[in-house]
Amino acid sequence: MQDDQTLKAICYQRGSLSILDQLKLPDESSYIPINSVDDAWKAIHTMSIRGAPAIAVCGVLSLAIELNNSRSKFDSVSSVQQFVTAELNYLLTARPTAVNLTDAAKTIIDYLIPLSNKHGNVSSYIDELLVFMEQFLERDLADNRSIGRYGAEAICQNNTNHKKLNVLTHCNTGSLATVGFGTALGVIRQLAVNDALQLVYFTETRPYNQGSRLTAYELLHDRIPHTLICDSMAGFLMQKEPIHAVIVGADRITANGDTANKIGTYQLAILAKHHHIPFYVAAPTTSIDLTKQTGNEIVIEQRPSREMTSIKGINIAAEGVQVWNPAFDITPAHLITGIITEHGVFKPDELEEKLLSLKEVQ
Ligand code: MRU
């Protein structure tokens, strides 16, 4: 279905990394080589690559590329450690809201010291670090497949009266936002595979149009029955058509279940509550940030005004107008029916406990 090259956001093999330039989609499918951490920083910052899991994997692999291709500049294991830590911290400044890259950076930094006890030799140390970093690719794909299965099962169980479901999603959470398959869009893919999907409605997702440009591209590619709506049509849609679930992704979920996701998610959650429609967040556990208690602590990225006032370089607003352009909003936990993770579907108020017990087992 979606495992071919067309929807591959990240192409990696040892020593070579390129990303699909999502600024050019859907008109042009072209890849940008990423030869350094600096290249990745720019690609993340300008949103040539976007989506929380894809940002994390691109950042990690750019570091793997730089480590592999400049081995000769390291004369000790500790010089590798210092370099890796500094570069990861730099990557984190590219975009502030999604937590997945922070989580990946912590995992890698935690691995540096125990690994150095095993390897005095710089080259074998780098080799094992590369293998560790490369595992992020497979893990993301495997997590997404599990999210898809758990999500589709939970949503169908909640809707035993209907054989085929209409769902609504927002932004792009598919193969393009991840290593493959996707999170919320992965659940929708799985519903389609299970022959349980009637139609997916999806929003245009202003101002960057991840819906009309990227989700549309994926749904057309996979031949999934779909209908595009403007963001402002969601309320009327819920009044007029049976919608059985809203499914969105996440950039950061705090300990109490509050969820930062693409701007416009919060209003969909309010509308869903009003219309008694279950509202699901689908995300890997790497999107959960237990260091923050509530959504108030999340830094919301502000994007440049031109992303709102122009499309493909053409002005669509009066010249000189003042704008407010937050990239994300926070959906309070009480509006969320379930958080679909690779370990199962949790209620927001049981999330912290479940995650802590999973960490104990690992
Ligand atoms: O600004 P973007 O395009 O990076 O925002 C993407 C989203 O908000 C997604 O819903 C989220 O990152 C999850 S992607 C699996």
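1. Pro26 sits in the loop between β2 (16–20) and β3 (31–33); helices (H or I, at least four residues) and strands (E, at least two) are DSSP runs, numbered from the N terminus. The peptide bond joining Leu25 and Pro26 is cis, with omega about 5°.

2. Before going on: this is a predicted model, where local features need pLDDT of at least 70, side-chain atom pairs count only at pLDDT 80 or more, and totals for chains, interfaces and linings use all residues. Residues are numbered from 1 along each chain as its sequence is written.

3. There's another cis peptide bond between Arg206 and Pro207, omega about 5°. Pro207 is in the loop between β5 (197–203) and α7 (210–222).

4. Now α9 (residues 265–274): its buried residues are Thr265, Leu268, Ala269, Leu271 and Ala272. (Buried means 20 or more other C-beta atoms within 10 Å of the residue's own, exposed 12 or fewer, partly exposed in between, with C-beta atoms placed from the backbone.) They cover an arc of only 165° around the axis, so they are on the same side of α9; the arc is taken over directions from the helix axis to the C-beta atoms.

5. After α9 comes His276, in the loop between α9 and β10. His276 isn't a glycine, yet its phi is positive, about 55°. His276 counts as exposed because it has 7 C-beta neighbours inside 10 Å.

6. Lys312 has a positive phi too, about 50°, and is not a glycine either. Look for Lys312 in the loop between β12 (310–311) and β13 (314–315).
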